[in-house]
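Colleague: Walk me through this one, please. Start with the conventions, then go element by element.

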Amino acid sequence: MTPNRVTHPADDGRGEHFRGRIEGFGVGTWDLDLQTRELEWSDLAKRLFGLERDRTVSYDLFLSLLEPSDRDQLVKAIGRTSGGGGLDLSFKVGGASGNGQWIRARAGVIRDDAGTPRHLSGIFLDINQEKQLEEALRSQENHLRSILETVPDAMIVIDSRGIMQLFSSAAERLFGYSRQEAIGRNVSVLMPEPDQSRHDSYIARYLKTNDPHIIGIGRIVTGKRRDGTTFPMHLSVGQTQRAGEPYFTGFVRDLTEHQQTQARLQELQSELVHVSRLTAMGEMASALAHELNQPLAAISNYMKGSRRLLTGSSDPNAPKVESALDRAAEQALRAGQIIRRLRDFVSRGESEKRVESLSKLIEEAGALGLAGAREQNVQLRFSLDPDADLVLADRVQIQQVLVNLFRNALEAMAQSPQRELVVANTRDADGMIEVEVSDTGIGFRDDVIPNLFQTFFTTKDTGMGVGLSISRSIIEAHGGRMWAESNAAGGATFRFTLPATDES
């Protein structure tokens with residue numbers, strides 16, 4: 001009986017012709033005898049692996065050219081071919097240039113007449129360009145992923161049905177859903193009612209009418225976390241196309257802290273305005289008490305003098321007039337006592353003094369008193385010494401002083417070509433901390449300085465003349481002092497001191 005013989009392309013003239021044409025397209029050919037492990041490579045195959053043309057190729061040499069992990073994969077893949085499967089592997093080998101070469105090996109099994117696998121015959125492909133493109137795409141993808149991992153705003157991508165396709169790390173932290181939980185679900189789960197029920201109709205209406213209610217326009221909406229709590233957020237939505245299908249990318253910023261800060265500033269401003277009004281009323285009451293006490297005392301004296309003039313009068317109504325004069329004198333004295341008590345109450349300057357951070361007081365007062373400074377091209381310079389920071393003070397009252405000084409400085413610099421406001425603090429030798437507020441405004445004449453802190457004295461057309469008087473009263477009630485001076489280069493500087501403390 002004649003044994004079965006393997007028909008191999010290498011033994012066939014047409015096979016040689018076919019192999020030559022293939023190598024003309026940059027494809028190397030190879031053949032492995034599965035029984036003897038004899039290996040044949042074409043010249044182009046050798047060149048792809050960085051081997052000389054006359055180099056004898058063996059199976060062991062082939063394996064030695066591969067990395068250990070690729071070598072194991074190749075051996076296992078060749079072992080699986082006995083079951084009839086093909087081979088398709090990609091690996092990188094060191095080329096002649098030293099840069100390395102990416103190669104894809106593909107092969108199929110050739111059987112003898114009895115169906116026994118005898119040869120593994122295939123091709124080597126140069127896939128350097130494909131791998132470089134793949135690496136570039138992977139690098140871009142990693143770069144995009146790193147951006148999505150670090151960007152503070154949440155990013156969510158949905159398709160035309162509202163199904164989430166991408167859910168960034170910031171979105172996970174903001175909404176409480178993991179990426180695996182969110183992707184594949186409708187984005188409406190991130191919204192409270194009634195938007196949750198209406199969102200799909202919003203998308204359908206946009207796709208039908210192309211009328212953007214939110215596309216390309218940022219707006220403030222309400223979001224819902226996984227635990228059911230809601231929060232204010234700023235939402236910006238953009239549209240893209242992929243394979244002809246629309247996709248929508250939403251950028252979400254949590255406004256909770258922003259709104260809390262705004263509410264805190266409004267609360268602080270209202271508190272300062274309230275205290276300012278009360279203090280202004282107290283200052284005016286004190287001034288009025290001083291002025292009214294004298295006419296009240298004169299009224300009482302006139303009443304007593306009239307009472308003496310009526311003594312010995314024969315008029316039958318004299319007793320009644322004397323009684324009325326006595327009661328009027330008593331009421332005048334009583335009114336004076338009431339005003340004196342009110343004045344004493346105001347002058348005591350009762351306040352709740354605590355250990356406060358001066359830099360924090362200046363920061364919060366600046367948020368109120370320096371609003372609009374940037375629009376007026378005012379340069380702000382805070383030169384604060386952290387070693388002179390803790391003071392014993394009533395927070396609201398000291399901020400009232402700072403706000404008053406900041407606003408006065410902005411008004412003084414409104415017409416100045418150079419606008420610079422400097423706030424500094426230093427520790428003096430008397431256990432006090434001095435605060436300086438200096439501007440480059442119009443300043444004031446030297447003859448004005450002695451009257452600056454007098455009640456109802458003002459250099460403004462619309463001023464009431466109580467702001468600086470109130471400020472000095474507050475500082476003096478804290479055990480400090482307040483004064484003003486002209487700057488040599490123009491402008492004015494106000495200084496005040498507060499008791500320092502080392503308590504934390």
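Modeller: Helices are DSSP runs of H or I with at least four residues, strands are DSSP runs of E with at least two, and both are numbered from the N terminus. This is a predicted model, where local features need pLDDT of at least 70, side-chain atom pairs count only at pLDDT 80 or more, and totals for chains, interfaces and linings use all residues. Residues are numbered from 1 along each chain as its sequence is written, and side-chain values use heavy atoms, with hydrogens and water left out.

Colleague: OK. What is the order of the open sheet with antiparallel pairing?

Modeller: The five strands run 2-1-5-4-3. Two strands count as paired if DSSP finds at least two bridges between them. Strand 2 (39-41) and strand 3 (87-93) are at the edges with a single partner strand each, so one side of each has no neighbour in the sheet. From one strand to the next, the twist averages 20°; axes here are lines fitted to C-alpha atoms, for helices over the stretch in contact, and angles run from 0 to 180 degrees between N-to-C directions.

Colleague: How many bridges join strand 4 to strand 5?

Modeller: Nine, with strand 4 covering residues 101-111 and the two running antiparallel. Ile103 stands opposite Asp126, and Ala105 has Phe124 as its bridge partner. The two strands form a hairpin with five residues between them, and Gly115 in the turn has a positive phi of about 85°.

Colleague: And how many join strand 1 to strand 5?

Modeller: Seven bridges, also antiparallel, between residues 27-33 and residues 117-126. Trp30 faces Gly122 there.

Colleague: Which strands does helix 4 lie across?

Modeller: Helix 4 (residues 68-80) lies across strand 1, strand 3 and strand 5, at about 160° to strand 3. Contact means heavy atoms within 4.5 Å.

Colleague: Is Ala243 buried or exposed?

Modeller: Ala243 counts as exposed, at 82% relative accessibility. The cut-offs are under 20% relative accessible area for buried and over 50% for exposed, with partly exposed in between (1.4 Å probe, protein chains only).

Colleague: What is the phi of Asn377?

Modeller: About 60°, positive again in a residue that is not a glycine. Asn377 is in the loop between helix 11 (358-369) and strand 12 (379-383), and is exposed with a relative accessible area of 61%.

Colleague: Why list these at all?

Modeller: Most residues other than glycine have a negative phi, and most peptide bonds are trans.

Colleague: Which peptide bond is cis?

Modeller: The one from Glu193 to Pro194 is cis, with omega near 5°. Pro194 belongs to the loop between helix 7 (179-182) and helix 8 (195-209).

Colleague: Last topic: what is the order of the open sheet with mixed pairing?

Modeller: Its five strands are arranged 12-14-15-17-16. Strand 12 and strand 16 (482-486) are the edge strands, each pairing on one side only. Neighbouring strands of this sheet are turned by 15° against each other on average, direction ignored.

Colleague: How many bridges pair strand 14 and strand 15?

Modeller: Six, in the antiparallel sense, between residues 420-427 and residues 432-438. Val423 has Val437 in strand 15 as its bridge partner. Helix 12 (residues 395-412) packs on the sheet, touching strand 14, strand 15, strand 16 and strand 17 (492-499), and its direction makes about 175° with that of strand 17.
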